[in-house]
Amino acid sequence: MTYLRRSTPLHAARSSAAIAWCAALVLAAFTTSNPLVVATLAIVVLIAGAAASVGRRVTRSLLLSLPMAVAIVVINALVAREGLTVVARLGNGGPFGQLDITAEALAFGGEFALVLIVVMEVAVLASAAIDPDEVLRSMRRVSFRSALTATVATRMVPLLALDSRRIGDAQRCRPKPGGRLAIVRAVTANALDRSLDVAATLEVRGYGGAQRPRRLARALSRHDIAFFCSAALLAALSLAWPASFSYYPTIEAGSAVHAIVLAGALALAALLPFTQRRGIER
Amino acid sequence: MRRTRTIRASVAVCVAALALALAGCGLGAGTAPGHVSLLVTRGFGAQTLISNPAPKIDGADTVIRMLERNAKVTTAFGGGFVQSISKISGGGGSAWFYYVNGVQAGRGASSTRLHDGDHVWWDFHDWSQADSIPAVVGSFPEPFVDGYGGKRLPLRIECTQPSRKTCSTVEGVFSQMKILASLGCLLCSAANQSLRVVVGPLDTLTSDPAAEQLTGPPARSGVYARFTDRGRRLELLNQDGHVVTTAGAGAGLIAATRFHGQPPVWYVTGTDPAGVSAAVQAFNTQTLDGHFAVAVVADAAIPLPDAER
């Protein structure tokens, strides 16, 4: 949990608006099969990350997603049999049959890898720019106990990490330090003890008999409206006007103009809310 | 020391490259095989959907890739399984099966490479009675011309009554096609890596375990006909496995099957010598073309499974 409230439009928007905006970006990445549009979305999320002052973290997500993307391209090229344009023959692969690398399988793997990159970028952006407490608070009316459990659990993670560091430090002071397994065992035992304490505390404070809380009325801010509208526009564009692109059996691209216009429209729709700088202070 | 290492590394790279080349690896689509033909049918060859004597091929295509170039195909499982051809989808006990040179391939279509002269036959049929039909006669004169799996096999005609005219007639059919065949008695050859054409009444084939399959259901032989009453009767079956016609004296059968993974064996047989003669008369390309097996009853060739219900 590394959320830090910053002075940006995305941080200023309520969590439901920010989640809807992130979900719309993911939806757009999944509904289109045009690589130009997906690549544009990947760049858009990087720009959005920079505009939300978490650009470095979003860029760092590429360190994890790029190797996975390469793996997807390679595996798809080896496994898919649907393409017709053979670019390399790897002979008989035993149980895998004839290993022919086709241009179509490489292109499809590349597009799917781009989608993965977008999803990971959006996930990192969401974790860095959406207040987790607010998300959990908004879940109280849906399922109070689940929201409470999630809140307590997320608070326990850094506590347990701190425990493990302390125990590790103490262990290193001994003449014969134990292994990591000992630390894991100690931290697990601590976690169970703590969970009992937390459960007892919650019961004493009357959380067990808590009712569904009332809705907290809060007026929509200009940023809420901007991100909700952006999300709706992204969803509408990607669902109602998808750029056609088929990979198998041969690559058939739809209208290039359509794809360029759609990519531009999606980029505009996604980034416009960030131009609103008023009222972004904490 | 460094020079020795460099030489070793170079040799290793050369050996690896040579191994890859020998394994059929390479850049690009490779060399296209010649004289390949494509047939797409349904109902055991009853209805022809596509008959293309010169289909489009690009490089060292697999069977499925050639099909995709020449027909509207949908696939499943990453392109390894044909779901539909020409909008005819599998399901409900029917599916697409393929035969190369009249032999059902033991591997998926995405694993089977095409070779010169291959006759690829896709058929959509009911598999409730026989989930595997190991060999069919409808690609004649294949597999005798180009073999199967890219390998040509010698042909051996085995006659149970060598002195009869039927044996020489069958030999004549092959010699007209310039296919070399050796004549011999039933199972006289020690080598079992040859294509066999067995000619003779079924009651003289009792020592041949592959022929014994013809007395069983289609699930055993892959043939929608069976001999009963010690080979004196021939029952013609429909695709549901029901007996449609029972023929007695003078009935013949031309069918192909396999026994325990051995090369295909063809039978030109009948209920008696007259039945064998009738089958021999029908042993030609025109009669066999596009059929899984053919029965001859009262001088009429009946494709199997029998379409009558």
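**Notes on the two-chain model**

1. Strand E14 of chain B, residues 233–237, is mostly covered, with four of its five residues buried. Buried here asks for 20 or more other C-beta atoms within 10 Å of the residue's own; 12 or fewer makes it exposed, anything in between partly exposed, and C-beta atoms are placed from the backbone. Strands (E, at least two residues) and helices (H or I, at least four) are DSSP runs numbered from the N terminus. This is a predicted model, where local features need pLDDT of at least 70, side-chain atom pairs count only at pLDDT 80 or more, and totals for chains, interfaces and linings use all residues. Residues are numbered from 1 along each chain as its sequence is written, while chains are lettered from A and ligands numbered from 1 in the order in which they are written.

2. E14(B) has a partner on either count of pairing below (two strands pair if DSSP finds at least two bridges between them). With strand E13 of chain B, residues 225–228, E14(B) pairs in the antiparallel sense over four bridges, and B:Thr228 stands opposite B:Arg233. Four residues sit between the strands of that hairpin, and B:Asp229 takes a positive phi near 55 degrees there.

3. Four bridges also join E14(B) to strand E15 of chain B, residues 243–247, again antiparallel. Here B:Leu236 stands opposite B:Thr245. The hairpin of E14(B) and E15(B) has five residues between the strands, and in it B:Gly241 has a positive phi near 85 degrees.

4. Still in chain B, have a look at B:Phe81, which lies in strand E5, residues 81–85. B:Phe81 has 16 other C-beta atoms within 10 Å, so it is partly exposed. Leaving out residues up to four places away in sequence, B:Phe81 touches B:Thr75, B:Ala76 and B:Gly108; contact means C-beta atoms, placed from the backbone, within 7 Å.

5. Now the interface: 24 residues of chain B are in contact with 15 residues of chain A. On the chain B side, strand E1 (25–27) and helix H2 (63–70) each supply at least two residues, and H2(B) gives the largest share, four residues. That side divides into six nonpolar, 13 polar and five charged residues. For the record, Ala, Val, Leu, Ile, Met, Phe, Trp, Tyr, Cys and Pro count as nonpolar, Asp, Glu, Lys and Arg as charged, and the others, Gly among them, as polar.

6. The two chains also share strand pairing. Strand E1 of chain A, residues 86–92, and E1(B) pair antiparallel over three bridges, with B:Gly26 as the bridge partner of A:Arg89.

7. Chain A has 10 helices and four strands. Its radius of gyration is 24 Å, well over the 19 Å that the globule rule gives for 282 residues, so chain A is more spread out than a compact globule. The radius is taken over C-alpha atoms, and the rule is 2.2 Å times the number of residues to the power 0.38. Of the 282 residues, 34% count as buried.

8. Within chain A, the buried residues of helix H2 (residues 15–31) include A:Trp21, A:Cys22 and A:Leu25. Their cover includes helices H1 (9–12), H3 (35–51), H5 (103–129), H6 (132–139), H9 (222–240) and H10 (256–271) of chain A.

9. A:Val73, in helix H4 of chain A (residues 55–79), counts as buried with 20 C-beta neighbours inside 10 Å. Beyond four places in sequence, A:Val73 is in contact with A:Leu106, A:Gly109, A:Gly110 and A:Ala113.

Key:
Two residues are in contact if their C-beta atoms, placed from the backbone, lie within 7 Å. The expected span of a helix is 1.5 Å times one less than its number of residues.
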